[in-house]
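Subject: Structure for you to look at

Dear colleague,

Please find the structure below, with the sequence alongside. Once you have had a look, read on for what was found in it.

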Amino acid sequence: MPPRRLRESPSPPSPILPKKPKSHAGADLAHPLERIRMLLDKLLQHEDGWVFAKPVDPLSLGLSDYYSDIPDAMDLGTVSCRLEGNRYMDLHSFARDVRLTFHNAMVYNDKGDDVYESAAELSEIFESGWASIEQVLPSPPSITDRRMKLKDELPRLSKALQRRAVIIMKDINAWLQEANGRVQVDFEKADEATLDKLERLVLLGAMQQQVHKQGDKDRHNT
């Protein structure tokens with residue numbers, strides 16, 4: 001059986017990503033966020049980085065089983081957009097997404113396949129660079145602390161975002177309907193990937209509130 005590939009590898013296309021300065025001269029390397037941007041640039045600018053720069057397109061590639069094997073898809077382009085849009089609750093969540101990108105490629109493709117080997121090589125580059133960055137970051141909150149915080153924050157979201165949270169929790173069978181009609185969420189079933197998704201909703205809600213407040217302020221000043 002021939003090895004499965006995420007995509008063929010002709011001359012690499014240019015990924016559509018947020019534009020950043022070509023040179024990091026004068027950057028404060030002690031600043032974790034700037035060092036993280038540099039590390040992500042290093043991955044994307046690697047000769048095989050283009051393979052992971054955009055979401056896998058199962059339809060055009062004929063990968064009918066992709067989402068069956070990879071339920072939580074991720075790519076470095078999405079990571080870049082989330083980073084530049086302040087969509088990470090903490091920088092450890094950024095690392096989880098990068099690792100997920102390469103993990104998915106190594107799960108779906110066979111060892112020895114070009115995509116598998118590229119993912120393994122880029123994963124090593126990432127872990128080597130991340131190790132020194134992680135040393136200067138605050139310790140990540142425990143899963144228990146994250147669950148407790150979300151339990152307090154999710155009810156404050158807009159109805160639209162709460163509906164999205166319901167879908168996320170239903171996907172892991174953590175949405176409980178009691179006999180008396182009251183609904184509860186079993187946060188103990190929420191793993192790190194689920195918590196990341198819920199935390200992004202909280203961040204999105206905060207961003208929406210800022211936009212609304214700015215709009216109200218602008219109308220008041222006109």
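Is glutamate 199 buried or exposed? Please keep in mind while looking that this is a predicted model. Glutamate 199 sits in helix α9, which runs over residues 192-221, and its relative accessible area is 6%. Because buried means under 20% relative accessible area, glutamate 199 counts as buried. Leaving aside residues up to four places away in sequence, glutamate 199 is in contact with Met89, Ser93, Arg146 and Leu150.

Next, please turn to helix α8, residues 159-171, whose 13 residues reach 19 Å from the first C-alpha to the last, close to the 18 Å expected at 1.5 Å a residue. Within α8, the residues Leu161, Ala165, Val166, Ile168 and Met169 are buried, and they lie on the same side of the helix, because the arc they cover around the axis is only 165°. On the face of α8 turned away from that buried side, you will find the exposed residues Lys159, Arg163, Ile167 and Asp171. After α8 comes asparagine 173, which has a positive phi, near 55°.

Finally, there is a pair of helices to examine: the axes of α1 (residues 32-45) and α6 (residues 114-134) come within 10 Å and cross at roughly 170°, which means that α1 is roughly antiparallel to α6. Among the residues that meet there are Ile36, Leu39 and Leu43 in α1, and Leu122, Phe126 and Trp130 in α6. Taken as a whole, the residues of this contact divide into nine nonpolar, two polar and two charged.

Best wishes

Definitions and conventions. Residues are numbered from 1 along each chain as its sequence is written. This is a predicted model: local features need pLDDT of at least 70, side-chain atom pairs count only at pLDDT 80 or more; totals for chains, interfaces and linings use all residues. Side-chain values use heavy atoms; hydrogens and water are left out. Axes are lines fitted to C-alpha atoms, for helices over the stretch in contact, and angles run from 0 to 180 degrees between N-to-C directions. Helices (H or I, at least four residues) and strands (E, at least two) are DSSP runs, numbered from the N terminus. Angles under 35 degrees count as roughly parallel, over 145 as roughly antiparallel, 65 to 115 as roughly perpendicular and the rest as oblique. Contact means heavy atoms within 4.5 Å. Ala, Val, Leu, Ile, Met, Phe, Trp, Tyr, Cys and Pro count as nonpolar, Asp, Glu, Lys and Arg as charged, and the others, Gly among them, as polar. The expected span of a helix is 1.5 Å times one less than its number of residues. Buried means under 20% relative accessible area, exposed over 50%, partly exposed in between (1.4 Å probe, protein chains only). The arc is that of the directions from the helix axis to the C-beta atoms.
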